[in-house]
Amino acid sequence: MINNLEGVCRKPKLRPSKRVYPPRKCKKPDCGLMFTPTDKRQEFCMPQHRIDHNNDLRTVREQPLKEFGKKLAHNLEVLKKIHSSLAAIGQTSFRLQLLQYEIYNFGSFTDKTINKDTGNEIEWIYNYGLEVKDHDKKTFIIHFRKSIN
Ligand SMILES: [Zn+2]
């Protein structure tokens with residue numbers, strides 16, 4: 001850094017304001033301490049509380065996505081398990097009760113396609129797909145695909 005040249009690369013001097021701001025309450029909900037800000041934008045009693053608060057907000061924002069991810073992961077495990085059990089006993093369809101027993105999250109899937117042969121919807125969890133085989137009998141089949149579109 002060149003400091004001997006007037007006006008070049010010179011850091012602005014810190015000029016602490018002599019202005020006195022009225023005390024305010026720390027914005028971090030579980031702190032709420034009254035403090036005297038040194039800057040009019042200061043909202044937290046200490047830098048760590050600003051960091052904590054922003055992390056907390058991010059956690060709250062990301063929560064729905066995290067929950068959805070958990071449901072998908074669970075559904076994937078359930079379909080994998082049923083798929084391999086059916087293969088082992090040489091069956092293709094199974095009853096709704098099995099999904100209920102496994103606490104399958106209906107309505108949580110990654111994408112949907114239509115089975116051209118049956119005209120039914122297939123709800124995919126990544127590469128495992130669930131299709132209603134018989135609405136009245138409440139039976140299902142599981143599809144497997146190698147590639148995920
Ligand atoms: Zn605080």
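## Basis of the model

Helices (H or I, at least four residues) and strands (E, at least two) are DSSP runs, numbered from the N terminus. The structure is a predicted model, in which local features need pLDDT of at least 70, side-chain atom pairs count only at pLDDT 80 or more, and totals for chains, interfaces and linings use all residues. Residues are numbered from 1 along each chain as its sequence is written.

## Overall composition

The protein chain contains two helices and seven strands, which follow the pattern β-β-α-β-α-β-β-β-β along the sequence. Buried residues account for 13% of its 149 residues. A residue is buried if 20 or more other C-beta atoms lie within 10 Å of its own, exposed if 12 or fewer, and partly exposed in between, with C-beta atoms placed from the backbone.

## Helix H1

Helix H1 comprises residues 47-89. Its 43 residues should span 63 Å at 1.5 Å a residue, and the distance of 61 Å between its end C-alpha atoms agrees with this; the expected span is 1.5 Å times one less than the number of residues. H1 bends by about 45 degrees at Gln 63, and a proline, Pro 64, follows within four residues. The bend at a residue is the angle between axes fitted to the seven residues ending there and the seven starting there. After H1 comes Gly 90, with a positive phi near 70 degrees.

H1 lies largely in the open, because four of its 43 residues are buried. These are Asn 75, Val 78, Leu 79 and Ile 82. Residues three or four places apart in an α-helix point the same way, as there are 3.6 residues a turn. The buried residues of H1 pack against S3, H2, S5, S6 and S7, where contact requires C-beta atoms, placed from the backbone, within 7 Å.

## The five-stranded sheet

Five strands form an open sheet with antiparallel pairing, in the order S3-S7-S6-S5-S4; two strands pair if DSSP finds at least two bridges between them. Strands S3 (93-95) and S4 (111-114) stand at the edges with a single partner strand each, so one side of each has no neighbour in the sheet. On average, neighbouring strands are turned by 35 degrees against each other, direction ignored. H1 lies across S3, S5, S6 and S7 (139-144) and runs at about 65 degrees to S6. Axes are lines fitted to C-alpha atoms, for helices over the stretch in contact, and angles run from 0 to 180 degrees between N-to-C directions.

Strand S5 is mostly covered, with four of its five residues buried. S5 pairs with S4 in the antiparallel sense over four bridges, and Glu 121 in S5 is the bridge partner of Ile 114. S5 (residues 121-125) also pairs with S6 (residues 128-134) in the antiparallel sense over four bridges. Here Trp 124 has Gly 129 as its bridge partner, while Ile 122 stands opposite Glu 131.

## Turns and loops

The hairpin of S4 and S5 has six residues between the strands, and Gly 119 takes a positive phi near 80 degrees. In the hairpin of S5 and S6, two residues separate the strands, and Tyr 126 in the turn has a positive phi of about 55 degrees.

Most residues other than glycine have a negative phi. Ile 103, which is not a glycine, has a positive phi of about 50 degrees. Ile 103 is located in the loop between helix H2 (96-101) and S4 and is exposed, with 10 other C-beta atoms within 10 Å. Lys 138 likewise has a positive phi, near 55 degrees. Lys 138 belongs to the loop between S6 and S7 and counts as partly exposed, with 13 C-beta neighbours inside 10 Å.

Note on methods
Contact = placed C-beta atoms within 7 Å.
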